[in-house]
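Subject: Structure for your review, with findings

Dear colleague,

Please find below the structure that I am handing over to you. My notes on it follow directly after.

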Amino acid sequence: MAGRFFLAVDAGTGSGRAVLFDAEGRQVAAAQHEWSHRADPRVEGSMDFDVEGNWALLSRAIRQTIAEAGIVAADISAVSATSMREAIVLYDADGGELWACANVDSRATGEVRDLKRDHPALERSLYDRSGQTFALGALPRLLWLKRHRPDVYARAARVGMLSDWVLARLSGVIASDPSNAGTTGLFDLSRRDWLPEAARKAGLRDDLFPPCVEPGTIIGAVTRRAAEATGLAEGTRVVMGGGDCQIGTAGLGVVRRGDCAVLGGTFWQQVVNVAPDLRDPSMDLRINPHVVTGLNQAEAISFFVGLVMRWFRDAFGAEEVAEAALTGADAYALLERRSESVPPGAYGIIPIFSDVMRYGRWYHAAPSLLNLSIDPARAGKAAIFRALQENAAIVAARNLSAVFDLAGTRPDRVIFAAGAAKSAHWSQILADATGLPVVTPVVKEATALGAAAAASIGTGAHRDFVEAADHWVRWDRRFDPDPARNEIYARAGERWAAAYAAQRRLVDDGVTTALWKAPGL
């Protein structure tokens, strides 16, 4: 099998994987291993990242991918990486990992409260520069380390993001990029570089930041040690990648101002490309640097959508799981097939899981299913499954409307990708809920394709992400909205918003427990 190949390594929230693409952007092989992030039992809200165990899983995935493709490692022209954002890794002066946490680690509750009390204007001023609040940022976590792990803090020489860590493991070079570093809250959206004065204002060191380079930049080569672990050829070019959302949208062709996408994975991200000077006066939306230089992205996030579907499958889908094991079918597809006969609106069932994006005061109500009937035909497994799918689309539609209003523009379509986009039924529901045509790409796992595009840019195969998208992105299907169903979902969205507000008040009153709360709330 001759020709150039590009390897993407993806360190996601729920799994790590390696995906190989050829010179035409076609997926050749892939391997994936699920992982989980354990809490430190001594630390409430913690979510540690196991660098050794997870590197072993990634290394195995790389080896398996090369074997599945039937190529020799030297056929791989370059490798790049992407990852869940907000996850950070601290290194010592020798480049060894000292400490790492996953993306929704919320241990720094006390530090956020202290920052808001002692520096009441800081979060707003940093949002105006960085597009981020304290909710998932690195600043409170670094303060937590300074207070509670002073030995780690004192030994730290560099801080980086999770995709940076993958590349550091491969090349020995610690560097970062705007798209992922931008989610720390310690990064300037306009200059596309670190914001050390933000650290100083909070009483932190300002010397922890590694060099920042644009995605698609060669930072080094695969070392002998990494080659032995992964099966890659020593000397293979290692190219800067980026955050999963931004690089994933580049892999979908979302590379021009006004382009819009929904990424339907563990979390659902709704993003629109915007001008570099756009900010949200309400601080409800986050603003991130895109991997495309000169563009930012306004983003809203729906929490745990994929995990909610997994919970429902595991809790109520034993019959479908057993059937899938016998027939080779997918349990989710079986659940969906049985739900397709349920009418739009799912008999009025109101799922309460993720709220719309409220970045400045970010928390969710307790997981609930409201307005259930005791009629099993109207509130059985099929109806609830459809209600969950519809609710994900309704929340996405309301988030997108907020972005469209802020940007003053409305696109002519929504690009839908990641795992949920494999479902034509769900794609149609999203079109009906948003009132916009939905298109799905041939390569739906676009995060890896975007990382492969970065690798191709590093080799000179493509000039930039725009050219890579024009050459590689191909479309699978288009789903046009049905006006009648759009009306049904608009009314369902109003009922959901009223119910959700009441459920948030129960959390405020201490009656129920939030699905998730940002630190300090």
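The paragraphs below set out the conventions, then the strands, the helices and the salt bridges.

This is a predicted model, in which local features need pLDDT of at least 70 and side-chain atom pairs count only at pLDDT 80 or more, while totals for chains, interfaces and linings use all residues. Residues are numbered from 1 along each chain as its sequence is written, and side-chain values use heavy atoms, with hydrogens and water left out.

Helices (H or I, at least four residues) and strands (E, at least two) are DSSP runs, numbered from the N terminus. Two strands are taken as paired if DSSP finds at least two bridges between them. S1 and S2 run antiparallel and are joined by seven bridges; they form a hairpin with three residues between them. Within this pairing, Ala8 has Val19 of S2 as its bridge partner. S2 is also joined to strand S3 (residues 27-34) by seven bridges, again in an antiparallel arrangement, and Phe21 stands opposite Gln27 in S3. The hairpin of S2 and S3 has four residues between the strands, and Gly25 takes a positive phi near 80° there.

For accessibility, buried means under 20% relative accessible area, exposed over 50%, and partly exposed in between (1.4 Å probe, protein chains only). Eight of the eight residues of S2 are buried, so S2 is largely enclosed by the rest of the structure. Both of its faces are covered, with Ser15, Arg17, Val19 and Phe21 buried on one side and Gly16, Ala18, Leu20 and Asp22 buried on the other.

Helix H17 (residues 465-472) has Phe465, Glu467, Ala468, Ala469 and Trp472 as its buried residues. What covers them includes strand S1 (5-11), strand S2 (15-22), helix H10 (244-250) and helix H16 (446-459), where contact means heavy atoms within 4.5 Å.

In helix H11 (residues 305-316), the end C-alpha atoms are 16 Å apart, which agrees with the 16 Å that its twelve residues should span at 1.5 Å a residue; the expected span is 1.5 Å times one less than the number of residues. The buried residues of H11 are Val305, Val308, Met309 and Phe312. These cover an arc of only 100° around the axis, which puts them on the same side of H11; the arc is that of the directions from the helix axis to the C-beta atoms. They pack against strand S13 (268-274), strand S15 (296-302), helix H13 (331-339), H14 and helix H15 (424-434).

Salt bridges

A salt bridge is a side-chain nitrogen of Lys or Arg within 4 Å of a carboxyl oxygen of Asp or Glu. The whole structure holds 43 salt bridges. One of them joins the side chains of Lys381 and Glu320 (3.0 Å, N to O). Lys381 lies in helix H14 (residues 381-407) and Glu320 in helix H12 (residues 318-327), so the pair ties together parts that are 61 residues apart in sequence. Lys381 is partly exposed, with a relative accessible area of 27%, whereas Glu320 counts as buried at 1%.

Arg386 forms a salt bridge with Glu390, their closest N and O atoms being 2.8 Å apart. These two are four residues apart in helix H14, and are therefore separated by about one helical turn; both are buried. Finally, a network of salt bridges links Arg85, Glu86, Asp244, Arg286 and Glu299.

Yours sincerely
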